[in-house]
Amino acid sequence: MPLVFFNRSSLKTKLITVTALIVVVSCTTLSWFFIDREIASMAEALAHNGKLVANNLAETSRHAVFAGDQERLQQLIQGTLISEQVAYVLILSKDGRLLSANGKEIWQQYVADPAQADRLIAMSTNRSTSSAAFVSPPFQDRIIELNNGELLVSDDLSHSRTCWLRLLAGTGHPIVYHLTQVIKGPTLSLASDPLLSLTLTESALSLPSDTALQTPLYGYVLVGISSSQGHVLLRKMAGHVVLIAGIIIAFSFAAGVYLTRHITTPLTALTSLATQVSQGDLSVSLAPSSHDEIGQLTATFNQMTTALKTREDDLKELNRTLESRVNTRTEELQRANQELLKLDRLKTILVSNASHELRTPLTSIKIHVKNLLDGVTGALGTDQLQALGRAHENIERLRTLIDDLLDLSRLQAVGVELTWDEVQLDTLLRDIVEGLRYFSEQKQLAVDIAFSGRLKPISGDRDKLRRALTNVIHNAMKFTPRGKRIRIDAHQLTDESVLVSVEDSGCGIAQEELDKVFLPFFRSPHTSTTTRGSGLGLSIAKELIALHHGTIWAESTAGQGSRFFIRLPSTPQDTSAAIHDTV
Amino acid sequence: MPRSIPTFHSLARVALFLWFGCGVMVALDVDVHAAEIVVLKSSDVGYYTQAVQGFRQALPAHAHMIEYTLREGATDAREIGQSIRAGHPDLVLAVGLNAALTAKLEIPDLPVVFCLVLNPELHGLPAGNMTGVLMKIPHQQQLESIKSIAPGARRIGVLYDEHHQAAAISSAKLQAKLLGLQLIGSAVTKRGGVPGALMALLPQIDLLWVLPDHTVVTDESLPFLLESTFDAKIPLFGFSSTFVQRGALGALVIEPLDAGTQAAQLAAAILRDPATGGLRMVQPNHPKLVLNLNTAEYLGLTIAPDLVHMASRLYGGPGAFASQGNQTNIAP
């Protein structure tokens, strides 16, 4: 649940929360470690100082303890009590009897009272060596808690850290380091001092040893080191640590809030601007508030909106001027088209007139040549007849070319009127094939005619359709090699139109030439030179089909022949039906 | 192989060799060479071993010696005594009090020489077949040394056990008087009385003379004696080099090696003439002087250079420690 809440909260909340958590945890952990180390250091220093005091007192008091010099012992104790940390001092004989004692403040009455002093001594008794007190030290270092003047419990020195923590937390009582030190003599080596060794040991009939004077015991020093001074210092230090940690946390929180706002405020503004931009307002911008990444992002955003606005203005200007430019271009194109139409019409008229003017003398020439060949003007020799035969043949080709040119020019000049009638295409196609039988038989071509049922008649000019279909079939026969096959199909389409296809077995037409075969005088470079023609047949056929609102096109596979399709509507108005789908 | 005729030089060499041989034989006696000696040590303490070493060095190298060491507590004393008796050696050397008492109890029929026993008279030593080397330096010799070291000290204080030393102190007082000194004795009856007696004695004396007394010198009182005299700037003259090392002015000490050597001389005498087995015990004949030059300087004393040269061991001064061999280097 908290994670869901965290995920749903804002970036500002997340940053502030995480930063605050990290700072609080870090400060708390560091403060705890610092205080813990300070406690350990202070406890160690107190114990160390107390040991030094006790050791020093043990060294200096040995003479007085041996002599039983109470006055000297009191002087030494008073000297030791000058140290603020020392609360009390007890000096015991080697059998544990109290020789001298003194203390400060509340401890003065303690050590002055024999019962309390005995209790104090008993608290430092080594509990683990009750049966062998003089084998191991009979006293050991302790921690003593004091509650309102009453001695509470004593504990091992190793537990002092816990006592300090309780004291710092306010749940413990003032503690005293109760430290002991043995008063002992020097250690002497007697390996080369037989007389002293014998003096010290021979009386007891015990075996002498090389170190007969091993640490002679004189007594014990018990020193109480008060923690009050350390406690005050520790509390003051802990207060400073808490204060510093609080200040660090407060400053860190404030810095986190400032930085978060520094980050999120521009982001919020940018988000608002982006919303406006998405709604089409490109005039918005935001002044960068800094030079960091946020400032760079703001500057980039401003550049982006500026660029978008510039593009939008350019588009508006382009849209505003586009219509007038299109109109201008259209007018220019219309003018050019009219010029071209005019030129084309002039060309057609020129061709028509030229063809017409050429046809008349050519007809006269043909008649005269025919008469010569027929011997009207007298008998001719073989060579003359042969020459006249060639001349007559070429005159015939020239007349055919002129006729075609004349027909084409008439068609393109829109000067041809159609005689509409009902045309039965299957009958017409058979008549055409029959009419070309001479030509097909010359090339030994097989012509297959296939109709899918009885074709319905269509409206058209019979002669013009005959001319168009003849040109297509004749073209197929021309480009089909000798002895090959031509196939003619006719289908009634669903829209009542008729689709006629003429398939040859020629060399085929390249794909890029399929549209060019209907242009006048077009000859494919791949066409055999033996195939002669005016190059106008397909152009005339296209024009004638177009007059019937039909269409003609070709499909071919190189090397496998070509197939020409002619679609003729049943009536001239039906021109928009799909072709390929209905075949 | 023809025998060569001896020349004058060869004859002279033979004569010289015979003359030296006869001299050694006279010095150490042929009987000593063949003697079998048993050494019985109280323990393996270092100075016992040094005494045995001195004993061995003073005898001919090929004297046959068997060494026994008593175990701690002397629980095997009877077995060792019986074993020694069964071997029937020519002489037994007992080193230390336990060994001497064992010899007294277990070996009554063999000559016994003992050493390193502080107070033999307290333990019924010596018995009839025994003799030994005393560990106590004659008081007169010590008083003479005191006078030499501290000529200005006239009042000599001494702490002593009233039960055991009273007679000796009375004798010493007379000897001191002959030397122009005043011996002020302070009798103590128990060890706890030492501090009080010393505190009372110190104001009256110029020098404290410490004797090997069980009651006065204990491991607890030793630092007290040293520190008290040091604090009162009173010179302390004792019997232990440890005293001197710890701040006493000087001491006449007995080296264990010397004690062993002296025991060897006594043994040789007994072996040469078994009838002398009941000889009196002998005094230590080579006590050594030990001095602390720093203490002398602290006390404002100037020790004569001859004494410094005579000292076997010096503490303080230019070197921390000087043995007899290099003492000339540190002589003032």
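**The sheet in chain B and the helices around it**

Guide: Let's start with the open sheet of chain B, which has five strands in the order 2-1-3-4-5, with parallel pairing. Keep in mind that this is a predicted model. The edges of the sheet are strand 2 (64–69) and strand 5 (130–134) of chain B, and each of them pairs on one side only. Neighbouring strands here are turned by 20° against each other on average, if you ignore direction.

Now zoom in on one pair. Strand 3 (residues 91–95) and strand 4 (residues 112–117) of chain B run in the parallel sense and are joined over four bridges. If you'd like to find one of these spots yourself, look for Val95(B): its bridge partner in strand 4 of chain B is Cys115(B).

Helix 4 (residues 77–87) of chain B lies across strand 1 (36–41), strand 2 and strand 3 of chain B, and it runs at about 170° to strand 1 of chain B. Then there's helix 11 of chain B, which lies across strand 1, strand 3, strand 4 and strand 5 of chain B. Helix 11 of chain B runs at about 165° to strand 4 of chain B.

Helix 11 also has a helix partner. Helix 3 (residues 46–58) of chain B packs with helix 11 (residues 256–272) of chain B at an angle of about 40°, and their axes are 6 Å apart. Because of that angle, helix 3 of chain B counts as oblique to helix 11 of chain B. The crossing of helix 3 of chain B past helix 11 of chain B is right-handed. On the helix 3 side, the residues making the contact include Tyr47(B), Val52(B) and Phe55(B), while helix 11 of chain B brings Pro256(B), Leu257(B) and Ala263(B), among others. Sorted by class, this contact of helix 3 with helix 11 of chain B has ten nonpolar, seven polar and one charged residues.

The contact between the chains takes 31 residues from chain B and 28 residues from chain A. Helix 3 of chain B turns up again here: helix 3, helix 5 (97–106), helix 8 (194–201), helix 9 (221–231) and helix 10 (241–245) of chain B each supply at least two residues of the side that touches chain A. The largest share of that side, four residues, comes from helix 9 of chain B. By class, the side of chain B that touches chain A has 17 nonpolar, ten polar and four charged residues.

Methods:
Residues are numbered from 1 along each chain as its sequence is written. Chains are lettered from A and ligands numbered from 1 in the order in which they are written. This is a predicted model: local features need pLDDT of at least 70, side-chain atom pairs count only at pLDDT 80 or more; totals for chains, interfaces and linings use all residues. Axes are lines fitted to C-alpha atoms, for helices over the stretch in contact, and angles run from 0 to 180 degrees between N-to-C directions. Angles under 35 degrees count as roughly parallel, over 145 as roughly antiparallel, 65 to 115 as roughly perpendicular and the rest as oblique. A crossing is left-handed if the near helix is turned anticlockwise from the far one by less than a right angle, and right-handed if clockwise. Two residues are in contact if their C-beta atoms, placed from the backbone, lie within 7 Å. Ala, Val, Leu, Ile, Met, Phe, Trp, Tyr, Cys and Pro count as nonpolar, Asp, Glu, Lys and Arg as charged, and the others, Gly among them, as polar. Two strands pair if DSSP finds at least two bridges between them.
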